[in-house]
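Here is a quick tour for anyone meeting this structure for the first time. Have a look at it below, then read on.

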Amino acid sequence: MAHSLCTLFLLCITITISAIMCLPGGKAVAPVIKADDDPRHSKGLEGCSFGGNFYEFHETWNPDLGDPIGVMLCVRCTCERVVKRGELMGQVSCRNIKNECPKELPCDEPILPEGECCKRCPDTKIVPDNLAKEYSEVHGDHESFEGRNIGEEFLSVMTGSEMQPRVTTDGAARGHFLFVNGDLHFSIYFKGLKKPRQVYFSDVLNNTLYEHDVHETVGKSNMICGQWRNLPNTHLRYLDSGMVFVTVTTRSYRDGEVRGRIVTHRATSTETFSSLLLPETEGDRQRKGGGGIVMMTVNEDSNKINFVGVLQGMIEDTDDSLEISVQFVRRGKLLNEVTTSIRPMDAVFADVWSRVSKNQQRWLARGQVNVLVRLNLPSGRTNAQGDITPLRTCNEMHSVMSGSSALDGPTYTGATGSAMITLTDDGVIEYTIRLIGVETAVIGLTLEVPHPKKSHKRKILDDIIRFYKNGWAYGKYDKPSAGDIHNLLMNKISINVATVEHPTSEIRGQIKHLLYNGHFARHQGMPIPLAGVNFVPPVQTSIAGHAWISLDRDCALHYEIITEGLQMAKGKEKHSKLNGLAELIIIDEAFGNQKIVLNTFDDDLAIGRLADLDEDVLQYLNEGNVFIQISTKAHPDGEIKGQVTLPNSCGRQDAPNLMEHTNNNNMPSIGFNVEADPRSCYFESEYHVDGSSWSPKFDKKCSTCTCTRLAVICDPVVCPTLNCSSPVELPEECCPVCPSKETEGKEITEEENKLNSHDEGCFFEGDKKFHAMGSTWHPYVPPFGYMKCALCKCMPGNQVNCSKIRCPELHCDAPVRLNPMDCCQTCPEQITTTPRTIPSYEFMADDSNSACYVGKRRYEADEEWVPEINGASSSTSRCIRCQCKEGKATCKLRKCPKTDCENEMYIDGECCPICLDGVGKTDS
């Protein structure tokens with residue numbers, strides 16, 4: 001036809017593309033679309049040069065061919081990565097997208113807007129199918145991307161067949177990768193690999209991009225867990241284009257035993273169950289080094305299960321499709337068989353397991369089903385099989401329950417709840433739940449999912465109130481269906497807490513994935529709860545949270561804080577991103593509280609590391625005098641907080657160290673909440689760490705209390721005897737002091753006393769009190785109390801000097817202790833006829849005849865005896881000898897030498913046995 005416009009067709013081959021266009025007269029010409037051979041302005045940059053413009057990898061555009069053709073709207077070009085002659089280069093690839101426009105539109109008169117290739121209905125903007133397809137190929141479809149909704153997911157099938165040369169190993173691995181906020185979190189599950197040593201990532205030229213040394217992960221068997229932090233943009237482009245490989249090295253294969261390409265697949269984001277396949281080699285080494293995976297997704301609305309399989313190193317090169325049989329087996333019995341085909345070029349198969357019964361779904365959830373893949377190859381039949389389990393990753397699952405998520409709208413009670421959830425390989429959901437500050441009694445504690453048919457209803461999976469006691473619930477949901485496991489992995493299960501005051505819901509939280517980041521503290525018990533009720537008076541808020549905190553071997557502080565409801569203020573006003581601040585609050589009654597700002601929140605997470613902590617801060621962490629606090633615009637002095645104890649020996653050399661909480665294997669010191677410590681003490685509405693001492697509220701000046709394994713002991717201050725005629729009383733001191741030359745005869749004001757006591761005074765660690773310069777006191781030594789036989793004095797330079805009291809020499813025959821708490825004896829005015837029994841716990845600074853008191857008995861100097869030991873065997877007690885020397889009782893356990901006689905006997909009162917023949921007596 002003379003004056004007709006024909007359809008444009010493009011054929012893309014390497015960099016040169018021919019575009020055939022029909023012009024008037026029917027004569028065809030071929031305008032050349034060609035990339036620049038020598039890009040002028042892009043030397044040294046990664047990308048493509050086209051038409052004088054530079055494009056980055058994966059960038060797309062419509063080519064402009066100039067007059068008379070102009071911009072070709074139905075041609076889309078892409079800058080792709082290729083490797084030529086060992087070099088990474090850019091290649092332009094273009095294609096015709098006209099045929100990808102929708103064939104039918106839901107309107108009578110479609111229009112072709114200017115600047116677009118495809119027609120569309122008026123007032124309707126559509127995306128060409130090719131663009132949707134491109135997005136789906138890289139990221140998965142929209143439905144799957146809304147699944148876990150935690151980041152971009154990748155996978156890798158890792159086998160020996162990908163190594164060069166091929167490694168004939170009996171093992172294989174499957175890698176699960178999640179890219180979130182610039183970091184790549186990876187979980188590698190393996191079978192048949194012995195002692196993995198290292199994981200390294202490389203490009204197509206085998207250049208190493210990142211290395212990760214393998215360490216044992218707590219609670220994760222046959223798993224390698226890691227995090228590649230701060231991926232460079234160049235490496236991210238490699239990852240998106242499938243140009244990154246991952247390799248696992250082992251003790252036997254230092255250069256790598258299995259390897260695989262990291263790729264995207266739409267099935268990863270909705271994957272519920274998975275299986276790692278190993279070939280049945282039966283001694284055939286040619287079959288070794290292969291493997292594969294099967295990914296399964298549960299369809300909640302029907303009795304179907306979609307599955308996708310990927311094989312590697314098991315299919316011979318051929319142009320023909322191969323028949324494949326996929327069998328699902330339980331205990332040797334065939335449940336279902338699906339026959340499909342597989343293309344050798346991509347080695348991927350997909351199909352549907354239809355009409356899955358409830359029993360079969362239950363067996364699948366319990367990990368009782370295996371998958372068997374049978375291949376009919378030209379060289380013969382080969383099989384691969386594996387067990388099916390819920391998706392294995394290194395991620396944890398947790399829930400923060402807050403009033404902001406309550407069913408009937410936000411509640412502002414200041415309560416919080418924390419939960420840690422574990423999904424086992426046999427399909428059991430285990431949980432530990434802790435509640436803080438609920439207003440009234442808990443009457444309901446449930447696991448729930450949205451109702452499948454009624455959007456405003458909820459479906460209760462399990463009522464776990466039967467496991468709840470004293471703020472804690474430990475239990476398991478041991479009968480979940482395959483759909484329940486799918487909902488758990490898709491973040492669709494919530495924990496709801498109902499109380500008498502709020503019978504529908506006081507606090508509620510969604511169970512979410514907690515990405516692996518190497519934080520050791522997650523595996524050491526529950527997180528520290530953050531709640532508004534921890535303030536005095538309580539803060540009425542709907543926000544809640546919890547935190548993990550630890551110290552590494554370099555004494556750097558690692559923290560991970562997660563909140564719920566931080567983005568929703570009272571009245572549903574949105575907070576700005578910087579409104580929430582994570583802080584450390586140090587409690588110091590003497591100098592006042594100190595504040596250290598840790599970080600702002602990115603959405604609901606604040607995570608980081610704080611190095612070079614002051615020694616005093618480390619000491620406060622050791623003693624439990626630190627709070628994690630979240631302050632907001634509405635509550636600048638704190639909206640939620642939680643007390644933390646972090647045992648450490650990083651501070652001063654004399655700092656008390658709670659060694660029972662430290663790890664001797666160079667592992668981090670883990671922070672814990674004092675309320676969760678079973679040895680802590682609850683006194684005056686506060687928890688106190690075991691071994692700590694403090695001034696009680698009822699008498700801050702003249703009493704000191706100590707927590708000793710659940711028991712609180714409070715001692716009144718014992719004032720020392722003063723050597724002055726006119727002692728003075730200071731407002732902040734319990735005991736009177738002798739006046740100094742500067743203050744003698746002068747009245748001291750309370751303000752002057754505060755200034756002097758803090759700036760020119762001494763802080764004593766034992767009684768947690770400041771003492772004025774020059775003052776003296778008996779030291780407080782927990783858990784024994786005040787030591788009357790020692791005296792401390794505050795010296796210049798804030799130095800404390802303590803020394804033992806020297807008792808005066810007495811000139812009487814029978815000195816006595818007038819008071820059981822007295823340190824020194826004295827001569828009585830009248831000699832008593834009945835001697836007084838001296839308690840065994842008294843600390844004697846002198847004794848006229850150097851006698852020893854043990855229990856209620858007195859032993860003279862150099863006297864020996866066998867002690868009475870409750871619970872000790874006779875053979876043990878008779879080998880202990882005690883002796884009184886210089887007023888001190890010392891006991892030793894005697895060791896018996898070995899005898900060479902056949903018959904031994906013990907003699908009463910003797911420690912060691914003797915031979916019946918009289919030879920070889922051992923007790924000497």
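## A three-stranded sheet

Three strands make up an open sheet, ordered β60-β61-β62 with antiparallel pairing. At its edges stand β60 (864–865) and β62 (888–893), each with a single partner strand, so one side of each has no neighbour in the sheet. Strands here are DSSP runs of E, at least two residues long, and helices are runs of H or I of at least four, numbered from the N terminus; two strands pair if DSSP finds at least two bridges between them.

β61 (residues 880–885) and β62 pair in the antiparallel sense over six bridges. C882 sits opposite C891 in β62.

## About the model

This is a predicted model, where local features need pLDDT of at least 70 and side-chain atom pairs count only at pLDDT 80 or more, while totals for chains, interfaces and linings use all residues. Residues are numbered from 1 along each chain as its sequence is written, and side-chain values use heavy atoms, leaving out hydrogens and water.

## Helix α3

Over in helix α3 (residues 233–240), H235, L236, Y238 and L239 are buried (under 20% relative accessible area, with a 1.4 Å probe and protein chains only). Viewed down the axis of α3, these buried residues fall within an arc of 155 degrees, so they line one face of the helix; the arc is taken from the directions from the helix axis to the C-beta atoms. Just after α3, G242 has a positive phi of about 75 degrees.

Conventions. Buried < 20%, exposed > 50% of the residue type's maximum accessible area, 1.4 Å probe, protein only.
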